Amino acid sequence: MTPLESGGKRRAGGRNFRAPANGSSPDGFDEPQLEVRGIPGVHSIVYSWIARKHDINIFWFYNPILTFPDKFVSPPTTQPPPSKMPDKVTLYTYFRSSCSARLRIALHLKNIPFTPIFVNLLRDEQSSPANRTINPSGTVPTLLITQGSDTVTITQSLAALEYLEEAFPDNGPSLLPSSAHDRALVRTLSQIIACDVQPVTNLRILKRVAPLGADRAAWSKDLIEDGLRAYEAIAEKSAGRFSVGDQITMADVCLVPAVWGAERVGVDLSGFPVVDRIMKNLEQEEAVRKGHWQTQPDTPEDLRAK
């Protein structure tokens, strides 16, 4: 008759034992002791090793009533808390500034109310000590986000667009797609506008071109068309209703004011059919209409949309 058949107790490794009442090992072993009935010794060795390694109660292996240890259960999926609306948003802006228009459109898309402070570029107010105090570049826009006693100041429009998306992801459409590939496309198109198109429409740059004897409008038009050709070539493969798929993104927010500026210097959009189609779709969006340069409080009366 085996020890088990005679009611004996088999210890891991095959020796008979009964665990002391206080749970200590009779022979100096640190692993938990357990009365094992009808289970081969090798299983007891494995279970004891797992219990010691992972610091769990070995009785779990033999008691089906016990629940699986929490450390082996994936934590419940929780949704991140909704983004909290800021106490105040202030935008230093100029009606014809394309960089300011990016933020006006984005704030409207995100349904974030803001207070505009108008900086007249033709009067050189951007270079005033007051403006340079908050924007050392002496430019617009400047975005101020106030929450309690803290204020975030952002003086570059692309950085501000990304901040709005990261800080307020639950507000309005996502300005950056979910996939890394599409985000790279959006950022590429945004940078084409920011680096290749917008600078040649900048008033500060144009003022420096005039003394060189160049026709400012013609010089600007040629370079804008170069940038739009690059945008067109990429968007031709990525566009749906908008520049990347069917959702408005940061690329579209940058494209709209750039096209407004291009049209002012005589660029014919029929030479850019993809951009032209995207613009027609964007112009139907309420946020774009609200951000339009002809509808701003500081737009001169003779330039306002009729």
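## Cysteine pair

In this predicted model, the sulfur of Cys99 lies 8.2 Å from the closest cysteine sulfur, which belongs to Cys254, and this is too far for a bond. A disulfide would require the two sulfur atoms to be within 2.5 Å, and the structure accordingly holds zero disulfides. Seen from the other partner, Cys254 is likewise in no disulfide, with the sulfur of Cys99 as its nearest cysteine sulfur at 8.2 Å.

Both side chains can also be described by their accessibility: Cys99 is buried, with a relative accessible area of 13%, and Cys254 is buried, with a relative accessible area of 1%.

## Packing of helix 2 and helix 8

Helix 2 spans residues 98–109 and helix 8 spans residues 250–264, and their axes come within 8 Å of each other while crossing at roughly 135°. Because of that angle, helix 2 counts as oblique to helix 8, and the crossing in which helix 2 passes helix 8 is right-handed.

## Residues at the contact

On the side of helix 2, the contact is formed by Ser98, Ala101, Arg102, Ile105, Ala106 and Leu109, which meet Val253, Cys254, Val256, Pro257 and Trp260 in helix 8.

Methods. Residues numbered from 1 in each chain as written. Predicted model: local features only at pLDDT ≥ 70, side-chain atom pairs only at ≥ 80, totals over all residues. Heavy atoms only, no water. Axes fitted to C-alpha atoms, helices over the stretch in contact; angles between N-to-C directions. Helix = DSSP H or I, 4+ residues; strand = E, 2+ residues; numbered from the N terminus. Parallel < 35°, antiparallel > 145°, perpendicular 65-115°, else oblique. Left-handed = near helix turned anticlockwise from the far one by under 90°. Contact = heavy atoms within 4.5 Å. Buried < 20%, exposed > 50% of the residue type's maximum accessible area, 1.4 Å probe, protein only.
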